[in-house]
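The exercises below ask you to locate elements in a structure and to work out their surroundings step by step.

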Amino acid sequence: MATTGKVTGIVSNLVTVEVDGPVGQNEICYISLGEDRLMAEVIKVTGKLASVQVFESTRGLSVGCPVEFAGHMLEVTLGPGMLSRNYDGLQNDLDAMTGVFLKRGEYTPALDPDRKWHFVPLAKVGDKVRCADWLGSVKEGWIDHKIMVPFDYEGEGTIEKIAAEGDYPASGEIAVLRDAQGNSRSVSMTMKWAVKREIRGYRSKPRPFKVMETGVRTIDTLNPIAEGGTGFIPGPFGCGKTVLQHALAKNAGADLIVMVACGERANEVVEIFTEFPELDDPRTGRKLMERTIIVCNTSNMPVASREASVYTGMTLAEYYRMMGLKVLLLADSTSRWAQALREMSNRMEELPGPDAFPMDLSAVVSQFYSRAGYVELRNGASGSITFIGTVSPAGGNLKEPVTESTQKAARCFYALSQARADSKRYPAVDPIDSYSKYLEYPEVIRWFDENVEPGWVDKVLKMKDLLLRGKEAKDQINILGDDGVPVEYHVAANKAEVVDFVVLQQDAFDEVDASCPMGRQRYMVDLVLEICDAEYRFDGFEEVGGWFRKLINLMRQMNYQLFDSDKFKAAEADLRSLVAERRAV
Amino acid sequence: MRTRAFQKIYTRIDNITKATCTLRAEGVANDEMAFVDGRPAQVVKIAGDRVTLQVFPGTGGISTDSEVVFTGAPPTVKVGDALKGRFFDAYGHPIDGGPEVDGEVREIGGPSVNPVRRKQPSELIATGIAGIDLNNTLVTGQKIPFFADADQPYNQVMATVALRAQADVIVLGGMGMSNDDYLYYRNLFESAGASDRIVAFMNTTENPPVERLLVPDMCLTAAEWFATEQKKKVLVLLSDMTLYADALSIVSNRMDQIPSKDSMPGSLYSDLAKIYEKAVQFPDGGSITIIAVTTLSGGDITHAVPDNTGYITEGQLYLRRDTDIAKVIIDPFRSLSRLKQLVIGKKTREDHAAVMNAAIRLYADAANAKTKLENGFELTDYDRRALGFAKDYSAALLAIDVNIGVEKMLDTGWELFGRYFSKDEVGVKQELMTRYWKGE
């Protein structure tokens, strides 16, 4: 019989329950309040008392309210039909809810169990299978959604029965498996999985070796992220974190995007709801929404489900990864999740770590980032989760616990700079502070040599040097004055400006410039380096700034035009004649 | 929130702190309102039969045998058309000498709007102030604060914005507002003939600070009623949110919670978000727009209150005194409206974004030139022109006393570009140059 209990204490959304039977850490329970059933998760057990965090408002709750325990941890339902959905942090379908306002205790099914899918078997009776092996496939939108052996299936089993090609409801039996002990298990297209456990069952998780193209120059060219890699974007408010994340969601070369809006503004999610169904996905020609799943727990939704939302998002991504898909997981913002942890830890009166965050914050963050990655499946296919999270450091100061914990876990660091944002140099990713560890991976360097251009990474490093030299020159000019330094300093400072304006800066709101494919990035990088490698004649520092401004202006016009169009070529021709004017032979 | 007949009266209080008291009681619900010796209080913690109450006016004078009655209901406000033109205290009782209002009783701090039921904001709010309309355009359903030092005229600017914004209903929430400022608003709205569309909930410096905690929820519940039942465009003004946060920290301190940054409670972000996220564009036309004030101490925006606010709101507006023109301007560098992209160039002329960006970039060049000048370096011809431009731009467009339409702002921008710069230096897309360039 299931364990039950009664409420004995309440502080905000932390409730203590006296239980009459066994209870597990992280077990889900439901508290009855009149007609409503409020979902909660066990976070601490002391003798007969369980402390639970309630995923809803606890207004009106009183001592003695009955509680029922569910016997399982927080879990999601996995199966065909999740694409294009808008879920809350607990995987309730937001569109299926009634009314304009969220109703407490309203839980909606994540999938439609009766919807029929056209099943094509990929395995046959007598095949030996293990967890996550592909049994068949259904068309979910444009992707081949694999129906897999349940992830909790232990050991090897034999297919006793498998459905022939045809239309079946999601919840109907699709296969029967018999294990070594002779027990049979019926399998449908859907299964449950606890969100805090990684979905394993792949063969290996090698080091990432290819690059995930994002269309954002300052990432792809300067600090590329690998497919299956991890990165994070810390930045003070108003520096364009969200715009950058949306740009990634729109343009990244992934099969599937899972966006977790974790404790952020509702209007930002509304922007996705409004725009993504209209925008075209350049890769498939379909709408962007058709490759997107949104998990949305905005800042005014219950705090406890913020934590759940990032795990829910990760679990959905892992599920699709097991089908051999390239998934991009974006979470905005992981700081809000950390704050939710802090609120609970505080109410439980735990001894606080730095800035009152729980002591294990760093471990929790690392464990979460480690779930991303590139995997090889047992059938030879490969899949990946590339994870990029944003961090909202308090006061824009990067020396704070969430940023520091994340820095230990993530391999790419995209620091947004207030100074760049103030001078409207967007995206405001600081080219000097930011880094990508993947640029040091020999396998990534090789990938660039083969797929972009031989010696590419050296060119990238050269551009970084130009930027650094420019910055140093600029500092000198600021100290010594325009005429206190040699003209070369002005040239160096302006060459850095060329890299900045032409490569780093990108207009996310311009139709053409918003997304820049790798081929075009290579062309512009080569052009920029050609210009910056050359020497120029100037008679005095007064001539330098104006000439470079003209040059930058022409190159920006190129960025705004369709690649290789007449206008693009015209601007390039103007550019070449301008360069010829001053080029030292 | 009045007591009813046959209610159990408790007369033994075990613990009393400055803001809370604890007693043994049964059948009490979380968040329920109560009266302790006639003073309004709210249940904040229940542990077995021990109930902790937060007493809004403070516990001074409460004794262990004071009478405690529970109302059986969370805090409520009466909503309806009768609110218009009236001023209330933090509990919703009139302070303008008029009678109690009649209306539907609603729980305050109710549920959030389902995000998929929201509509994307798309309606421009014109204020006539170019520093706002041109550079930081406001949109209905937006939430945006003024980040201002105590000596800056933020209440005046906010009142101007409120009166020009042509909202159907204006709900004013005063938290720790000085009596003088309260009277300023009241007189201004009366003399502008706007009384019939104003509703105000006031906690002035004369009232106990913890009462402030009720004010935003009172305002927003009333605003929600107007926006959903009557599909009105509602503008909510909240001044000052820093003092609201101070009240939060007082309570959390009395509750023995571990403080996080700047002695603020760890839940500050969620507490503020719950308020600001009430800003919404409903699909059937009603909307709630929030303009708030967050006072800074010495311009420090890294303090927990402005910092958390910045992460929640859709931009922020800064005021600054420009000594070159001896006027207060809207600072173009640090101010930001995140929703402006939804209307500029769409609800306004196509060149809006280009003019805005070019002007700010040139203004930044002027700032650099100024630094050079201050450091005793010689100025180039370009520097001198940039400085000239900056002065005119500041006076004609950034000053808060500007009151012109958006088209006129754009034309003024082009005029100034033409007066001081060449086409190359302005660096706007060729197509727009051909159409709007006013120089040689």
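**Exercise 1.** Find where B:Leu214 lies in chain B, and decide whether B:Leu214 is buried or exposed.

*Solution.* Begin with the position: B:Leu214 belongs to the loop between S15 and helix H4 (215-229) of chain B, where helices (H or I, at least four residues) and strands (E, at least two) are DSSP runs numbered from the N terminus. The model is predicted, so local features need pLDDT of at least 70 and side-chain atom pairs count only at pLDDT 80 or more, while totals for chains, interfaces and linings use all residues. Residues are numbered from 1 along each chain as its sequence is written, and chains are lettered from A and ligands numbered from 1 in the order in which they are written.

Next, count neighbours: a residue is buried if 20 or more other C-beta atoms, placed from the backbone, lie within 10 Å of its own, exposed if 12 or fewer, and partly exposed in between. B:Leu214 has 25 other C-beta atoms within 10 Å and is therefore buried.

Finally, leaving aside residues up to four places away in sequence, B:Leu214 touches B:Pro75, B:Ala90 and B:Tyr91, a contact being C-beta atoms, placed from the backbone, within 7 Å. B:Gly92 is 122 residues from B:Leu214 in sequence, yet their C-alpha atoms are 9.6 Å apart.

**Exercise 2.** Determine which strands pair with strand S14 (residues 169-177) of chain B.

*Solution.* Strands pair if DSSP finds at least two bridges between them. S14(B) runs parallel to strand S16 (residues 233-239) of chain B, joined by six bridges, and B:Gly173 has B:Leu238 as its bridge partner there. S14(B) also pairs in the parallel sense with strand S15 (residues 198-204) of chain B over seven bridges, with B:Met177 opposite B:Thr204. As for burial, nine of the nine residues of S14(B) are buried, so this strand is largely enclosed by the rest of the structure.

Definitions and conventions:
Two residues are in contact if their C-beta atoms, placed from the backbone, lie within 7 Å.
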